[in-house]
Amino acid sequence: MIKKSTKILVLMAVMLTVLTVVMLALFASGAPENSGKEQKKQKIAAENNNTNISEKVTISPQEAQEIAEKFVKESGAQLGIPKLIEIEGQMVYSVPIMINGTNVGEITINAITGKNMGCAGGVSYGSP
């Protein structure tokens, strides 16, 4: 009788040890108990942030392209489709400059004010 109860106690101690090791491993890996809830909260916060930024944009892609066109002085250069991006906390349109189908530069237009934020690439540009 004593041998049987000793075996049961040893088995319970082993199970408790395994459970403790698993819990320590989860804690050490940084896996929070409510990771699903935290991920959902982070996703909602990110969506709200993107919505707030998008609501502030007052310049359309077409308008950004028209503004950028005033600054391109290179013969044969055409403007591509503006892409709305965030640079240093500001929403801007990156308007590609193309020559013979090859991207040779870009003009950055502020998506709220319509101001030319700068140009990059190997094309001639200037003031309107």
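Trainee: Of the 128 residues of the protein chain, what percentage count as buried?

Mentor: The share is 22%, where buried means under 20% relative accessible area, exposed over 50% and partly exposed in between, with a 1.4 Å probe and protein chains only. This is a predicted model, in which local features need pLDDT of at least 70, side-chain atom pairs count only at pLDDT 80 or more, and totals for chains, interfaces and linings use all residues. Residues are numbered from 1 along each chain as its sequence is written, and side-chain values use heavy atoms, with hydrogens and water left out.

Trainee: Which pattern does the protein chain follow along the sequence?

Mentor: The pattern is α-α-α-β-β-β-β-β, which comes to 3 helices and 5 strands. Helices (H or I, at least four residues) and strands (E, at least two) are DSSP runs, numbered from the N terminus.

Trainee: Why is S94 called buried?

Mentor: The relative accessibility of S94 is 13%, and the limit for buried is under 20%; S94 therefore counts as buried. This residue lies in strand β3.

Trainee: What makes the pair S94 and E106 a polar contact?

Mentor: The contact joins their side chains at 2.3 Å. A polar contact is a pair of N or O atoms within 3.5 Å; within protein, one must be able to donate a hydrogen and the other to accept it, and residues adjacent in sequence count only if both atoms are side-chain atoms. The value of 2.3 Å for S94 and E106 meets the limit of 3.5 Å.

Trainee: Why does T108 count as buried?

Mentor: T108 has 14% relative accessibility, to be set against the limit of 20%; T108 is therefore buried. T108 is found in strand β4. Not counting residues up to four places away in sequence, T108 touches I87, V92, Y93, K115, N116, M117 and G118, where contact means heavy atoms within 4.5 Å.

Trainee: Which residues have the most contacts inside the largest nonpolar core?

Mentor: They are A64, A68, L79, Y93, V95, I107 and I109, in a core of 15 residues. α3 (61–69), β3 (90–99) and β4 (102–110) each supply at least two residues of this core, and the largest share, 4 residues, comes from β3. A nonpolar core is a set of buried Ala, Val, Leu, Ile, Met, Phe, Trp, Tyr and Cys residues joined through side-chain atoms within 4.5 Å.

Trainee: Which residues does A64 touch, not counting those up to four places away in sequence?

Mentor: A64 touches I59, P82, Y93, V95 and I109 on that count.
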